[in-house]
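Here is my note for anyone opening this entry for the first time. Take the points in order, with the structure open beside you.

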Amino acid sequence: MTDRERKELAETQITAPEAAGDEVSERIGEADDMSGRRRTGGDVSAHISDTDEVSERIGPYRIIREIGRGGMGVVYEAEQEVPVRRMVALKLIKLGMDTREVIARFESERQALALMNHPHIARVFDAGATPDGRPYFAMEFVQGVPITQYCDTHKLTIRERLLLFIDVCRGVQHAHQKGIIHRDIKPSNVLVANLDDVRVPKIIDFGIAKATSQRLSEHSVFTEVGQLVGTPEYMSPEQAEMTDVDVDTRSDIYSLGALLYELLAGQQVFDPKDLRRAGLAEIQRKLREEDPPKPSSRISRIGPASNVPATNRSVDVRVLERTLEGDLDWITMKALDKDRTRRYETANGLAMDVQRYLDDEPVLATPPSALYRARKLYRRHRIPVLAAAAVALALVAGIVGTTWASVRAARAERVAAAEAVEARRQTAIATAVNAFLTDDLLASAAPSTAAGRGKDVTMRAVLDAAAGRIEEASKPGGRFANEPLVEAAIRITLGNTYGELGEYAAAEPHLRRALALRQGVFGEAKGSSVEVMNMLGLLAWRQGRYDEAEPLLRRALAAAASGGQDDPLSLAIEMNLANVLRSDGRFADAEPLYLRNLDAKRRTLGPDHADTVSVMGNLANYYQETGNYAKAEALHRQALEIRRRLHGESEPATVLEINNLANDLALMGRVEEADPLMRRALELKTVLYGAAHPSTLNSVNNVAELALIMGRSAEAEALHRQALEGRRRALGPTHPRTLSSQERLAATLASLGQFADAERLAAETAAASAASRGADDVVTIDANDTRAVALLGLQRPKDAAALLRRQIAIVEERRAGGEDAGETDVTLTDLRVHLGMALADLGQRAEAEALLLGAVPALSPWEADTARAYRFVARFYDAWNRAEPDPARSARAVEWQQRFEASPRRASVE
């Protein structure tokens, strides 16, 4: 197997700040029920009422049991049997809804939700309708319990609860980056499960309330004139107003604050009985005006009952109260602030402040200033405050000398004002982006605008329609003409989504425009500009334009340096730069970046974090491509075990590790072990991405390579043609992977004896690769080697020998210059074997013998080409002995014939 084949088999993981788990280069579970036993379809009848009958099968799903029921729907545990076997949570909506309209909205929402890929978010797999018109969602089946119940049952300490809460915040942050607001974050929508002694929280029901505008739980509250979408105990004041005008990502921050409050104090922010006894107007007033006590104060107020939350947190009451006082009180209350401009701007900001507390660092949350409290008092009690103003002024005049508190209050107010300005800007951007996603992107999938395609409209068509609208909106006089940051945010969303679909050419202009817009506002060094530079660098890498990718990423890394080497953005850029260098064959430059990055992420994120595991996989790919297969296998197995344990087998990152482990096994000759893994990766990718996605095409190529290695040349030809045609469409004719597919098809044709076609195709590939990548590129050299094999088959050994000598000289010059790092070891062996064959055909037997005896023993014994080489050497000695009889030659002919007969691939070449 050549070094170019190694690169084809391996896939790289690309990282981005915060959402690292969702960005996998080249792109990129099964579960029992909670009792640990597989249930049968017989459980269905025991849980479904006569008035809500459902068959034991809905589409590809076999219903197992009911696991939840609400006013508007039922949730079942179900098993999907094709095309992937896995357990799902199936949400089935009641009869009587406008099925056509709802299904169209479900499909739009599902496509938006499908963009999310985060270890702490339950994924939406599918949506559809039953034969009688009942819409359903199929989601990841999470075998967990509500986070508060889990923490109390396991007596988790405050630190352990906070670590879980940080993971939840990261999941919410990821959703917000994708333009999705949950609007119903509460304990029952955050489930925690133990996976091999690791606690894994999963957020469920993302976007369902928004998608249906209907109630899926008895805990939601409705009125005749409007509806509260969410759960009052965890609902922000602006969400309770039911207008959606002021609802943005900070509403989820409030709900996270309510969840944190309960995790810390063991009590809800508002008493649920009092809240639910109140009418709608009273609920709105309480949420808008009444400030809850701090978590520590709540502990002291509940008296003897406080022993329960203390015991559940493995401390006594006094210790619990002291622990919550100060930083944890203010972090929680900042998230719960009635004024959304004073909350944390992002879920990541909340998580970072919690992490600062855990690291004994100063937190950003501070008690509200006296001036702020006075303003709130004035707004609630305007007349009594005015009446008391004269008395207050007299008192203030008497203590005017004590100015320190006033100075601090003024300073805090200035900071608050600056934060408010930034928050308003971010809110305006988020609101505009969300409106565009809803009104322009998702609306283009509705039946009325989908050109008669109904719910079968493709995501590419949706994106193209939205791209046309943003072009119009950004022209002079358009709605975004004077809103560069809004336009940039939308273009980043479009560019990233095109990239996820493998539509790299369509993604590029959006990201380039976004970079220009952000640099026009912030300059190059601002983090928001650097993030887009990183995205463009990745896009150039995916397109095989390494000479563009490297300077972009180096610029981004230099601009991000102010955050420190261990800053998440700097680490993400460094990782991507290492991948680009490795892809360009500059292994010596890539290795120190990999090792430093892995050490930093293990220190800052822990060994099981998605970013850490991504670096492990990429370092393993480095070892693989430089011939250290044992190290590569060990790291890939470790990464795959973590991925399977935390995310299941059907997650994109897990599939990538399956692919790369199969590659390790193939390169070590364990092809019978590698083949089923490669095919499994292809099966899963086809389901995840579709047949035309670049990552799926990588796996098509990989399976084809193994088929060729194992002597199944006809199968290899069909698969290589499929990969080549797909890559030409997806990547273009001169992309390195496209040219590689073309070379591998030529090699397959040569193995089938179609030498004329093989020679023509290999010559075209070598010329195209030399023009785009240079004569010393591995793909160019491999294409010329394949052409030489075809020339031998056409009885043109002289032309073959001349071509092979030139390639050997190029490789030896590369190695002498120290730029190779072992990249062409296998290639050089192949070139020498083939030159020996050419010289043997030319009658130059002595030189041919030296080359063949030096190179053939170094070939991988498990490959079909090696069996062919053994047979050639045996026939070479046999012919030479018949021409010039010699017992030594006769013995060697017998020896090599025995090697051929013992070859595991003998049958495939006879």
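1. One term before the rest: two residues are in contact when heavy atoms of theirs lie within 4.5 Å. Keep in mind too that this is a predicted model.

2. With that in hand, look at Q742. Which residues does Q742 touch, once those up to four places away in sequence are left out? They are L724, R728, L761, E764 and T765. Q742 itself belongs to helix 31, which covers residues 736-751. Its relative accessibility is 7%, and the cut-off for buried is under 20%, so Q742 counts as buried.

3. Now the overall picture. The protein has 910 residues, and 56% of them are buried. Its secondary structure comes to 39 helices and 11 strands.

4. On to helix pairs. Two packed helices are described by the angle between their axes and the distance between the axes. Begin with helix 4 (residues 158-177) and helix 7 (residues 249-265): their axes are 11 Å apart, at an angle of about 165°. An angle over 145 degrees counts as roughly antiparallel, so that is how helix 4 and helix 7 run relative to each other. Helix 4 passes helix 7 in a right-handed crossing. On the helix 4 side the contact is made by I158, R161, L162, F165, V168, C169, V172 and H176, and on the helix 7 side by T249, D252, L256, L259, L260, L263 and L264. Sorted by class, this contact has 11 nonpolar, 2 polar and 2 charged residues.

5. Next, helix 19 (residues 484-500) and helix 20 (residues 504-522). Their axes come within 8 Å and cross at roughly 155°, so helix 19 and helix 20 are roughly antiparallel. Is their crossing left-handed or right-handed? It is left-handed. Helix 19 brings residues including P484, L485, I492, L494 and Y498 to the contact, while helix 20 brings, among them, Y504, H510, L511, L517 and F522. The class count here is 14 nonpolar, 4 polar and 4 charged residues.

6. Helix 29 (residues 694-709) and helix 30 (residues 713-731) make another pair to look at, with axes 8 Å apart and an angle of about 155°. That angle makes helix 29 roughly antiparallel to helix 30. The crossing of helix 29 and helix 30 is left-handed. From helix 29, residues including P694, L697, V700, V703 and L708 take part, and they meet a set in helix 30 that includes S713, L719, H720, R727 and L731. By class, the contact between helix 29 and helix 30 has 12 nonpolar, 6 polar and 3 charged residues.

7. Follow the chain into the loop between helix 30 and helix 31, where you will find H735. Is H735 buried or exposed? Its relative accessibility is 4%, so H735 counts as buried. Leaving out residues up to four places away in sequence, H735 touches R542, Q543 and G544. H735 and R542 are 193 residues apart along the chain, yet their C-alpha atoms are separated by 9.2 Å.

8. Q355 gives another pairing across the sequence. Q355 sits in helix 14 (residues 347-358). How many residues separate Q355 from I166 in sequence? The answer is 189, while in space the two are 7.6 Å apart, C-alpha to C-alpha. Q355 has a relative accessible area of 27%, so Q355 is partly exposed.

9. Last, a couple of backbone details to check. Most residues other than glycine have a negative phi. K155 has a positive phi, near 55°, and lies in the loop between helix 3 (147-153) and helix 4. With a relative accessible area of 35%, K155 is partly exposed. D360 also has a positive phi, near 60°, and its place is the loop between helix 14 and helix 15 (370-380). At 74% relative accessibility, D360 counts as exposed.

Definitions and conventions
Residues are numbered from 1 along each chain as its sequence is written. This is a predicted model: local features need pLDDT of at least 70, side-chain atom pairs count only at pLDDT 80 or more; totals for chains, interfaces and linings use all residues. Side-chain values use heavy atoms; hydrogens and water are left out. Helices (H or I, at least four residues) and strands (E, at least two) are DSSP runs, numbered from the N terminus. Buried means under 20% relative accessible area, exposed over 50%, partly exposed in between (1.4 Å probe, protein chains only). Axes are lines fitted to C-alpha atoms, for helices over the stretch in contact, and angles run from 0 to 180 degrees between N-to-C directions. Angles under 35 degrees count as roughly parallel, over 145 as roughly antiparallel, 65 to 115 as roughly perpendicular and the rest as oblique. A crossing is left-handed if the near helix is turned anticlockwise from the far one by less than a right angle, and right-handed if clockwise. Ala, Val, Leu, Ile, Met, Phe, Trp, Tyr, Cys and Pro count as nonpolar, Asp, Glu, Lys and Arg as charged, and the others, Gly among them, as polar.
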